[in-house]
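Biologist: Please put the structure up. Then let us go through its contacts one at a time.

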Amino acid sequence: MSFDPAITLFSCHYTSQQSCAEEGKELEQLGFPASINLVRVACTGKLQITTLLQAFEDGADGVYVVGCPEDGCHNVKGSIRAAKRVAAVRAALEELGVEGERVQMYHLPRGLHPEFVAKGKEMDARIRDLGPSPFQN
Amino acid sequence: MIVAERKPMAEIVEMVKDCKKVLVLACRGCVTVCSAGGEREAEILSSLIRLGMKKAGKSIEITTGSLVRQCDREYIDEIDQWEGKYDAVVSTACGVGVNFISNLRKETMVYPALNTTFFGGSAEQGVWTEQCAGCGDCVLHLTGGLCPVARCAKSLMNGPCGGSVDGKCEIDKDVECIWQSIYDRLGSFDRSAQMEVIAPIRDWSTAGHGGPRKIVRDDLTV
């Protein structure tokens with residue numbers, strides 16, 4: 001089934017800072033999926049489980065977090081904390097009988113690297129494959 | 001503190017499936033400290049219930065609140081502030097809180113969001129371990145401050161048993177044999193002879209085997 005997903009990305013300020021250059025036009029030119037709504041946060045370690053769940057409540061079909069490399073977080077352990085919270089949300093989704101893959105964590109280098117776009121495409125493809133969120137009923 | 005953990009979401013959603021309005025009620029006592037049922041966990045649970053009900057094609061209105069404690073009569077009365085906003089309460093307190101609300105509010109249906117697990121402490125961040133069984137007849141003065149009732153798999157009063165190997169319990173190689181630890185600790189205080197004293201058959205009536213326990217302090221009652 002083909003559908004246009006709504007995906008929410010919470011990205012670390014440092015990881016995404018180049019991604020917002022020229023109001024995101026460069027990102028668009030590189031093929032970053034239009035289905036992804038980018039929300040920049042000061043540090044992914046600040047993200048709470050409720051923030052990720054709220055994105056699903058607000059209608060996201062998928063949610064993912066992009067933070068610093070595990071061994072190179074600007075705030076030392078911020079992205080590690082974020083990964084643990086993403087894992088907690090994934091476990092909770094599975095408890096509710098929903099695919100855990102709808103939430104993901106990626107650790108990427110700072111700046112606009114090809115991986116940033118590649119992971120966006122990967123997430124877009126994954127959610128298209130999974131279909132609409134079961135929470136849309 | 002009392003240590004607890006959230007019940008599986010399928011179980012909680014099943015409890016509230018016919019409710020239109022629910023009060024998710026946190027407790028700011030022990031379950032806040034063990035990160036199972038404080039305000040933050042109640043917010044997470046509220047979101048998960050909404051999502052679970054959405055998935056089931058149902059809607060539910062959730063109010064999230066908290067009490068200082070759910071194990072004291074004076075705080076239970078504060079539930080009145082949410083009057084009319086719920087068909088049922090989902091309590092994130094320990095079982096004591098759920099019982100207290102049930103005891104005091106005859107018209108209120110209360111569901112437990114947690115499995116109340118043990119009396120324990122935080123061994124390290126995110127890890128809690130059982131330390132006390134609340135047996136009502138403490139023997140810690142004889143065992144170097146380490147509890148064989150809670151921490152020996154067999155609650156032996158004369159240990160260790162033959163399943164103790166290299167300081168570990170036969171039930172799991174990661175579980176400390178508390179009787180080995182008691183022996184080592186008594187030895188460090190030059191009190192190893194205590195191990196030779198045979199503990200008598202124990203009267204477990206104080207541990208709840210004699211029915212629900214109650215303490216009355218005449219110096220405090222009014």
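The questions below concern a predicted model.

Biologist: How many aromatic pairs are there over all chains, and what is the angle between the planes of A:Phe56 and A:Phe135?
Modeller: The search of the whole structure gives 3 aromatic pairs. A:Phe56 and A:Phe135 form one that is edge-to-face, with centres 6.2 Å apart. Edge-to-face needs planes over 60 degrees apart. Here the angle is 75 degrees.

Biologist: How many residues apart are A:Phe56 and A:Phe135?
Modeller: A:Phe56 sits in helix α3 of chain A, residues 49–57. A:Phe135 is in the segment after α5 (114–130) of chain A.

Biologist: Which strands hold A:Tyr64 and A:Tyr106?
Modeller: A:Tyr64 and A:Tyr106 pair edge-to-face, 5.8 Å centre to centre and 85 degrees between the planes. Both are buried. They are 42 residues apart, in β3 (residues 62–67) and β4 (residues 103–107) of chain A.

Biologist: Which elements do the buried residues of α3(A) pack against?
Modeller: The buried residues of α3(A) include A:Ile49, A:Leu52 and A:Phe56. Their partners come from both chains. From chain B there is α3 (39–55); from chain A there are β1 (7–12), β3, α4 and β4.

Biologist: What is the nearest side chain of opposite charge to A:Arg85?
Modeller: A:Arg85 lies in helix α4 (residues 78–95) of chain A. Beyond its sequence neighbours within four places, A:Arg85 touches residues including A:Gly45, A:Gln48 and A:Leu52. A:Arg85 is buried and has no salt bridge. A salt bridge needs nitrogen and oxygen within 4 Å, but the nearest opposite charge is 9.9 Å away, on B:Glu41.

Biologist: What area do chain B and chain A bury between them?
Modeller: The contact draws 17 residues from chain B and 15 residues from chain A. On chain B's side, B:Leu51, B:Lys54 and B:Lys55 supply 44% of the area it buries, more than any other three residues. Of the total, 61% is on carbon and sulfur atoms. That total is about 1400 Å².

Biologist: How many salt bridges cross the interface of chain B and chain A?
Modeller: A:Glu95 and B:Arg6 meet in a salt bridge, at 2.9 Å from N to O. Across the interface of chain B and chain A the count is 2.

Biologist: Which residues are linked with A:Asp4 in a network of salt bridges?
Modeller: A:Asp4 is exposed, at 69% relative accessible area. Its bridge to A:Arg128 spans 3.8 Å, N to O. That pair joins the segment before β1 to helix α5 of chain A, 124 residues apart. The network links A:Asp4 with A:Asp124 and A:Arg128.

Biologist: Is B:Arg105 buried or exposed?
Modeller: B:Arg105 bridges to B:Asp80 at 2.7 Å, N to O. The two lie in separate loops, so the pair ties together parts 25 residues apart in sequence. B:Asp80 is partly exposed, at 41%. The cut-off for buried is under 20%, and B:Arg105 has 16%, so B:Arg105 is buried.

Biologist: How far is B:Arg202 from the ring centre of B:Trp204?
Modeller: Over in chain A, the charged end of A:Arg110 sits over the ring of A:Tyr14, 5.2 Å from its centre. B:Arg202 lies over the face of B:Trp204, and its distance from the ring centre is 4.5 Å.

Definitions and conventions:
Residues numbered from 1 in each chain as written. Chains lettered and ligands numbered in written order. Predicted model: local features only at pLDDT ≥ 70, side-chain atom pairs only at ≥ 80, totals over all residues. Heavy atoms only, no water. Phe/Tyr/Trp six-rings, centres within 6.5 Å; stacked < 30°, edge-to-face > 60°. Helix = DSSP H or I, 4+ residues; strand = E, 2+ residues; numbered from the N terminus. Buried < 20%, exposed > 50% of the residue type's maximum accessible area, 1.4 Å probe, protein only. Lys NZ or Arg CZ within 6 Å of the ring centre and 35° of its normal. Lys, Arg positive; Asp, Glu negative; His and termini not counted. Contact = heavy atoms within 4.5 Å. Buried area = accessible area lost by both parts, 1.4 Å probe.
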